[in-house]
Amino acid sequence: MNVLVTGATGFLGSRIVEALALDDKISGIVAAGRKLNPLHTVESSKLNYQLGDLVDAGYVELLLEQPIDVIVNCASLSSPWGSYEAFHQANIVSQANMIAASKKAGVQRYVYISTPAVYFNFKNRFNVKESDPLPQKASNNYAATKLQAEQLLEKSELSYVTIRPRALIGRGDTVIFPRLIRSYHEGRLKVVGSGDNVVDLTAVSNVVHSVKLAMHAPEDACGEAYNICNGEPVRLWEAINYVLGKFDLPPPKGKVPYAVASFAAIIMEWKSLLSRSKKEPVLTRQSVGILARSMTLDITKARERLGYEPGQTTWEAIDEFVEWYKTAYQ
């Protein structure tokens, strides 16, 4: 089997490539990404990095000039802030290019990495199912364009599986915990709201497992979206303080009421929008909501139809991250 992995130079993509390189059933891997990152580069004789931008239809067609049986599309612009056009190009145009080239090349299976951000509505939500109604308005441009990318795939007539993994953590995480650690050192990390909010975090190894299951899923399990998480919700601030403690850092002091933090974020967003740079503000409504609100997912569907079972616990994944981070950054 030959596999094309997009976003292969990022956190999740590199872990998928790493796992596939060890799989005897995989004969060749095309790893697509914009630029190599030493923290996320994999060495394997099966692996062929081809760098470029998926917005370029010509580049996408070149990726599929060689025989490809399965595509795992991890590439996206994932951020709480940015212009709609930037997200449209990165998440929708790239998806359209990939779908067109896949149909032309006769790709047998298309696995798309989406996001549970499509469920987020700035309120506490528990045990969210894939069938639950989505918010009438997406919480930000990222969520809006990822949902539209899902819808493109639904209409494509390809054999596909969409995965919605929640808050990836573990070795190679350069987003969630590194961002929180950086905010802590800059004196900006504060407990928002009560500090009792409960969330799902997901070991990246479990997401990789779900992707491999999706690659081989029976046809009657295809054409669907699946929630993926560890299935063991934790208190977010307990997890954050646990990570800080591993670096001998005391918990952040004081709490900021959700309403106050949200109002401050609105002001900062408007200032950014009116500025020339349009730089991401220190606070966004999305980041405030994520830090303060509860969000847990129901993974019954993935268990029953994909055979998914989490293998690594949340705390094991956090320990894995800490060990890696100390080596990579200190």
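Where is Ala 167 found? Select Ala 167: this residue is in the loop between β7 (160–165) and β8 (168–169). Helices and strands here are DSSP runs numbered from the N terminus, with at least four residues (H or I) for a helix and at least two (E) for a strand.

Before going on, note that the model is predicted, that local features need pLDDT of at least 70 and side-chain atom pairs pLDDT 80 or more, while totals for chains, interfaces and linings use all residues. Residues are numbered from 1 along each chain as its sequence is written, and side-chain values use heavy atoms, with hydrogens and water left out.

**Stop 1: the whole chain**

Zoom out and show the cartoon. The chain has 11 helices and 15 strands. Its radius of gyration is 19 Å, close to the 20 Å that the globule rule gives for 330 residues, so the chain is as compact as a globular protein of that length. That radius is taken over C-alpha atoms, and the rule is 2.2 Å times the number of residues to the power 0.38. Along the principal axes, the C-alpha trace spans about 55 × 40 × 35 Å.

Now switch to a surface view. The accessible surface comes to about 15,200 Å², and 53% of this area belongs to carbon and sulfur atoms. Such areas come from the Shrake-Rupley method with a 1.4 Å probe, and for residues only the protein chains shown count as cover. Of the 330 residues, 52% are buried. Buried means under 20% relative accessible area, exposed means over 50%, and partly exposed lies in between (1.4 Å probe, protein chains only).

Contacts are also worth a look at this scale; a contact means heavy atoms within 4.5 Å. Among contacts with a separation of 6 or more, 79% are between residues 24 or more positions apart.

**Stop 2**

Most residues other than glycine have a negative phi. Go back to Ala 167, which is not a glycine and has a positive phi of about 50°. Next select Asn 127, in strand β6 (residues 125–128). Asn 127 also has a positive phi of about 50° without being a glycine. With 48% relative accessibility, Asn 127 counts as partly exposed.

**Stop 3: helix α1**

Select Val 17 in helix α1 (residues 11–21). Is Val 17 buried or exposed? Val 17 counts as buried, because its relative accessibility is 0%. Leaving out residues up to four places away in sequence, Val 17 touches Val 5, Ala 8, Ile 29, Ala 31, Val 42 and Leu 47. Draw a distance from Val 17 to Val 30: they are 13 residues apart in sequence, and their C-alpha atoms are 9.0 Å apart.

**Stop 4: His 40**

Move to His 40, in the loop between β2 (28–33) and β3 (47–51). This residue has 5% relative accessibility and therefore counts as buried. Beyond its neighbours within four places in sequence, His 40 has contacts that include Ala 8, Phe 11, Tyr 49 and Gly 172. Which backbone atom lies 2.8 Å from a polar atom of the side chain of His 40? It is the oxygen of Gly 172.

**Stop 5: helix α3**

Select Asn 91, found in helix α3 (residues 84–105). Asn 91 is buried, with a relative accessible area of 2%. Its side chain reaches the backbone nitrogen of Leu 77 at 2.8 Å. Residues touched by Asn 91, not counting those up to four places away in sequence, include Ser 76, Tyr 112, Tyr 142 and Lys 146.

Stay in helix α3 and select Ser 102. Ser 102 is buried at 0% relative accessibility. With residues up to four places away set aside, Ser 102 touches Leu 64, Ile 71, Val 107, Tyr 110 and Leu 158.

**Stop 6**

Select helix α9 (residues 285–292), where Gln 286, Val 288, Gly 289, Leu 291 and Ala 292 are buried. Their cover includes α5 (176–185), β9 (191–192), α7 (236–246) and α8 (258–274).

Finish at Gly 254, in the loop between α7 and β14 (255–256). Gly 254 counts as partly exposed, at 47% relative accessibility. Its C-alpha atom is 9.9 Å from that of Leu 189, which is 65 residues away along the chain.

Technical notes: Polar contact = N/O pair within 3.5 Å; in protein donor to acceptor, adjacent residues only side chain to side chain.
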